[in-house]
Amino acid sequence: METTGLNSKGKNNNPRKRKFRILLLEDVEADADLVEIELKNAHISFTSKRVQTKEEFTGAVQTFSPDAILADYHLPSFTALEALQIMKNIRSEIPFLLVTGSQSEEIAVECIKQGADDYILKERLARLPSALLSAIEKKQTAHEKEKAIQELKSSQEQLRALSAHLQSIREEERTRIAREIHDELGQSLTALKMDLLWLQGKILEEQKNIEPIDETIRTMTHVIDSTIQTVRRIATELRPGVLDDLGLVAAIEWQSQEFQHRTNILCRFTSTARDIELDRERATAVFRILQETLTNVVRHARAARVSIRLEVERNILILEIKDDGRGADTEKIESKRSLGLLGMKERAALLGGSVEIVSAAHAGTTVVVKIPVPPAAQEHRIND
Ligand SMILES: Nc1ncnc2c1ncn2[C@@H]1O[C@H](COP(=O)(O)OP(=O)(O)OP(=O)(O)O)[C@@H](O)[C@H]1O
Ligand SMILES: [Mg+2]
């Protein structure tokens with residue numbers, strides 16, 4: 001495959017075709033000339049700047065913006081090790097190569113340890129061009145990899161924030177609709193019913209031919225009664241008032257009774273806590289995860305019993321939901337397409353917690369939710 005050497009922004013990334021800015025840290029001018037000749041002979045295109053002191057070096061790193069630094073080890077007032085230290089503090093992504101007359105292995109090892117990319121002896125300068133290009137390429141690849149990792153991380157964070165935002169909007173909307181249905185519709189229906197009952201009484205007082213009227217009013221009252229029930233059910237399904245009024249423990253208690261009643265699956269709830277003082281966000285998340293899990297039990301488990309256990313242990317809220325159904329294999333549980341389960345996990349992760357699902361064919365399914373809770377989220381034990 002042929003590559004053009006151009007990246008997505010049109011910048012030439014092929015080291016051999018670029019014009020480099022090379023900073024030479026060298027006190028002997030003749031040595032710097034030799035380095036330049038070697039690079040020119042290798043057809044490397046560059047501009048260079050030579051510095052000798054610490055101040056010049058620091059300034060040039062900032063203003064000259066080099067693509068690479070070639071440094072002698074010993075300078076009259078400065079060493080390459082000090083230069084490396086400065087680089088660490090400012091712009092460590094610039095390749096740094098030692099070009100030195102010293103043959104000390106210790107110095108070489110120390111410099112590499114401190115972040116130098118290569119070590120070239122002045123008497124073997126022929127190696128310099130290839131060492132320089134490979135150091136530049138390596139740093140560039142590392143930089144691009146780091147950039148890609150950062151971009152991925154930030155897009156993951158964005159997705160997570162978006163998901164949290166959507167969850168909270170959804171919950172707010174549900175709460176608002178539930179309240180409106182319950183308060184507005186419920187109250188109007190109750191008022192209607194009271195008026196009807198009053199009318200019925202009035203008509204009965206008159207003692208005239210009231211049979212048909214009385215019958216109609218009776219039917220209307222039944223319709224209103226069942227509409228009131230429906231309105232309450234819809235409002236509760238949207239967001240159970242008990243969660244806001246009485247807290248998580250009461251809400252789970254209510255949900256498990258309601259579940260048993262609706263599905264005929266035995267549902268047992270135990271909790272060491274009478275109540276847990278929990279913020280709305282955490283209480284909602286735990287409750288919604290429970291509902292999602294119970295929905296899965298109805299849809300997939302063919303279970304006869306479900307047991308729910310809730311406790312707080314060392315500032316971690318633990319909710320365990322266990323069914324005795326037919327279970328599922330790991331592949332299904334861990335599939336990227338299991339969006340219900342993924343949603344539960346994501347919901348817990350947003351609060352720094354986790355959801356673990358243990359399931360096997362014919363061995364039931366256990367879902368364990370763990371959510372860290374602030375120390376203030378006191379557990380009021382049953383026998384407090
Ligand atoms: N309690 C359970 N018993 C048996 N199988 C289960 C149980 N819970 C989940 N599963 C299996 O795991 C799969 C993934 O569950 P998940 O909740 O992610 O998806 P779903 O319920 O099929 O669809 P939805 O996205 O509407 O929730 C299910 O299709 C089912 O096969
Ligand atoms: Mg599901």
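**Helix packing and strand pairing in the predicted model**

Helix H9 passes helix H11 in a left-handed crossing. The contact is formed on the H9 side by Thr 284, Ala 285, Arg 288, Ile 289, Glu 292, Thr 293 and Asn 296, and on the H11 side by Gly 340, Leu 341, Met 344, Arg 347 and Ala 348. By residue class, this contact of H9 with H11 comprises five nonpolar, four polar and three charged residues. The structure is a predicted model, and the geometry reported here was computed from it. Two packed helices are described by the angle between their axes and the distance between the axes. For H9 (residues 280-301) and H11 (residues 339-349), the angle is about 165° and the axes are 10 Å apart. H9 is therefore roughly antiparallel to H11, since angles over 145 degrees are assigned to that class.

Within H9, Thr 293 has a relative accessibility of 4% and therefore counts as buried, the limit being under 20%. Residues up to four places away in sequence aside, Thr 293 touches Ile 321, Met 344 and Val 367. Met 344 is also among the H11 residues that make the contact with H9.

Strands of a sheet pair through backbone hydrogen bonds, either parallel or antiparallel. The antiparallel case is represented by S10 (residues 305-313) and S11 (residues 316-323), which are joined by eight bridges. Across this pair, Val 306 stands opposite Asp 323 of S11.

Parallel pairing is found around strand S3 (residues 68-71). Strand S1 (residues 19-25) runs parallel to S3 and is joined to S3 by four bridges, with Ala 71 of S3 as the bridge partner of Leu 25. S3 also pairs in the parallel sense with strand S6 (residues 96-100), over three bridges; here Leu 70 stands opposite Leu 97 of S6. In a regular strand the side chains alternate between the two faces of the sheet. Both faces of S3 are covered: Ala 68 and Leu 70 are buried on one side, and Ile 69 and Ala 71 are buried on the other.

Note on methods
Residues are numbered from 1 along each chain as its sequence is written. Chains are lettered from A and ligands numbered from 1 in the order in which they are written. This is a predicted model: local features need pLDDT of at least 70, side-chain atom pairs count only at pLDDT 80 or more; totals for chains, interfaces and linings use all residues. Side-chain values use heavy atoms; hydrogens and water are left out. Axes are lines fitted to C-alpha atoms, for helices over the stretch in contact, and angles run from 0 to 180 degrees between N-to-C directions. Helices (H or I, at least four residues) and strands (E, at least two) are DSSP runs, numbered from the N terminus. Angles under 35 degrees count as roughly parallel, over 145 as roughly antiparallel, 65 to 115 as roughly perpendicular and the rest as oblique. A crossing is left-handed if the near helix is turned anticlockwise from the far one by less than a right angle, and right-handed if clockwise. Contact means heavy atoms within 4.5 Å. Ala, Val, Leu, Ile, Met, Phe, Trp, Tyr, Cys and Pro count as nonpolar, Asp, Glu, Lys and Arg as charged, and the others, Gly among them, as polar. Buried means under 20% relative accessible area, exposed over 50%, partly exposed in between (1.4 Å probe, protein chains only). Two strands pair if DSSP finds at least two bridges between them.
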